[in-house]
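Welcome, and please open the structure in your viewer. We will go from stop to stop, selecting a few residues each time.

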Amino acid sequence: MNRRQFLLAAATAAVAAPALSFSGRLFAAPASAPRFLLVFLRGGYDCNNLLVPYGSDFYYESRPTLAIARPDAANPNSAIALDNQWGLNPVLRDSLYPLWQRKQLAFVPFAGTDDMSRSHFETQDNIESGEPTAPRSDYRSGFMARLSGALTDVPSIAFTDALPLSFQGGKKDIPNISLRGVATPAFDERQSAILADMYKGTSLAAAAADGLELRQKVSKDLQDEMQKANRGAATAKNFAAETQRIATLMRQQYRLGFVDVGGWDTHVNQGSTTGGLATNLTNLGQGLAAYADALGDEWNNTVVVVVSEFGRTFRENGNKGTDHGHGTVYWVLGGKINGGRIAGSQVAVNAQSLLQNRDYPVLNNYRDLLGGLFSRTWGLSTAQLQTVFPGARPRDMQLA
């Protein structure tokens with residue numbers, strides 16, 4: 001492939017992406033407008049070693065190698081008590097726990113969908129569609145796309161390599177842009193001029209120009225932003241670096257966002273306060289703390305919800321890991337949320353309360369939970385909420 005063919009291929013990939021076919025170039029919403037970011041943990045994370053049910057003897061019987069010790073001031077690897085039943089994994093002591101103490105973080109256990117497939121792909125699609133499990137009327141329509149269509153002057157974006165199902169099938173063109181490795185501009189000025197000239201006079205000219213402008217602007221802004229990221233959580237790996245970049249765009253331009261994080265399928269050697277899960281939780285916690293810090297005063301206008309397609313089996317398996325489960329724990333964060341509490345419907349954590357003798361049951365349906373949050377955040381009417389989540393019963397948990 002010669003140089004011209006390479007540039008043509010790169011440009012074609014850029015303008016073909018849903019991210020770059022949008023109008024309203026670099027539109028900025030009012031500074032004080034509400035912001036919402038959905039963080040999707042793909043792989044089904046083990047919620048029981050995040051929000052530790054330390055008040056349950058059954059938890060310790062079920063996890064002889066994975067359980068996190070009951071709160072103990074003399075043991076830095078023990079759970080951090082949140083109340084008399086639940087504790088937090090200590091790897092989050094310096095990131096999420098301060099948000100909890102400021103009442104800017106709440107947890108909703110026994111949360112999820114009524115999809116019982118325990119399939120990553122089916123359950124992820126079920127959640128992203130936002131429709132009842134059966135029958136789904138449109139397999140290419142996502143609830144965030146419908147939410148974006150119901151809102152006015154709420155610029156939306158997915159921080160992903162490809163447009164996720166959550167943002168597909170709506171009335172508006174939604175940009176998507178991966179922020180991994182974009183601190184260096186993809187093309188210099190000469191290359192950008194060549195790419196723009198290739199599409200001059202064609203139907204793709206506007207999309208190509210928008211795409212190049214967005215990429216170059218983001219690269220410049222993030223170069224400036226990243227040079228300031230030399231303290232605390234801002235120096236965290238991977239996700240923390242990405243959330244710094246997301247905060248730049250959500251603070252200045254966008255108000256409805258989506259990002260996904262992989263690596264949560266922990267069948268083997270999961271660990272507790274060390275190991276793969278602990279490392280992922282550490283990075284995620286540092287990233288969310290960095291996001292809150294980078295937003296500054298606009299953190300008070302922000303709601304972040306962390307979801308996953310399902311939880312894991314309550315009992316550990318023979319490989320010192322956990323398998324696909326059902327109910328999980330959602331996180332709700334924000335500067336003005338009603339946090340510092342465990343929200344939603346709950347049951348005692350024992351063998352009798354498990355679903356099919358293996359999983360957390362789902363007592364807090366994600367469509368109802370998010371519907372209640374959206375109603376409080378944007379004042380959506382009943383009809384608008386039914387467009388976003390058909391057949392749902394929005395539930396106000398007074399989180400926002």
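Select Thr 266 and Gln 270 to start: their side chains make a polar contact at 2.8 Å (a pair of N or O atoms within 3.5 Å, where within protein one must be able to donate a hydrogen and the other to accept it, and residues adjacent in sequence count only if both atoms are side-chain atoms). This is a predicted model, in which local features need pLDDT of at least 70 and side-chain atom pairs count only at pLDDT 80 or more, while totals for chains, interfaces and linings use all residues. Residues are numbered from 1 along each chain as its sequence is written, and side-chain values use heavy atoms, with hydrogens and water left out.

Stay with Thr 266, which sits in the loop between strand E7 (256–261) and helix H9; helices (H or I, at least four residues) and strands (E, at least two) are DSSP runs, numbered from the N terminus. Is Thr 266 buried or exposed? Thr 266 is buried, with a relative accessible area of 9% (buried means under 20%, exposed over 50%, partly exposed in between, with a 1.4 Å probe and protein chains only). Now show Arg 312, Gly 321 and Thr 322: leaving aside neighbours within four places in sequence, Thr 266 is in contact with these residues (heavy atoms within 4.5 Å).

Next, select residues 276–295, helix H9. Its 20 residues should span 28 Å at 1.5 Å a residue, and the end C-alpha atoms are 29 Å apart, which agrees; the expected span is 1.5 Å times one less than the number of residues. Of the 20 residues in H9, 14 are buried.

Now try Asp 260 and Arg 42, whose side chains meet in a salt bridge (2.9 Å, N to O); the term means a side-chain nitrogen of Lys or Arg within 4 Å of a carboxyl oxygen of Asp or Glu. Asp 260 lies in strand E7 and Arg 42 in the loop between E1 and strand E2 (51–52), so the pair ties together parts 218 residues apart in sequence. Asp 260 is partly exposed at 23% relative accessible area, whereas Arg 42 counts as buried at 18%.

Finish at Asp 359, which is buried with a relative accessible area of 0%. Arg 118 forms a salt bridge with Asp 359, with the closest N and O atoms 2.3 Å apart. Arg 358 also forms a salt bridge with Asp 359, at 3.1 Å.
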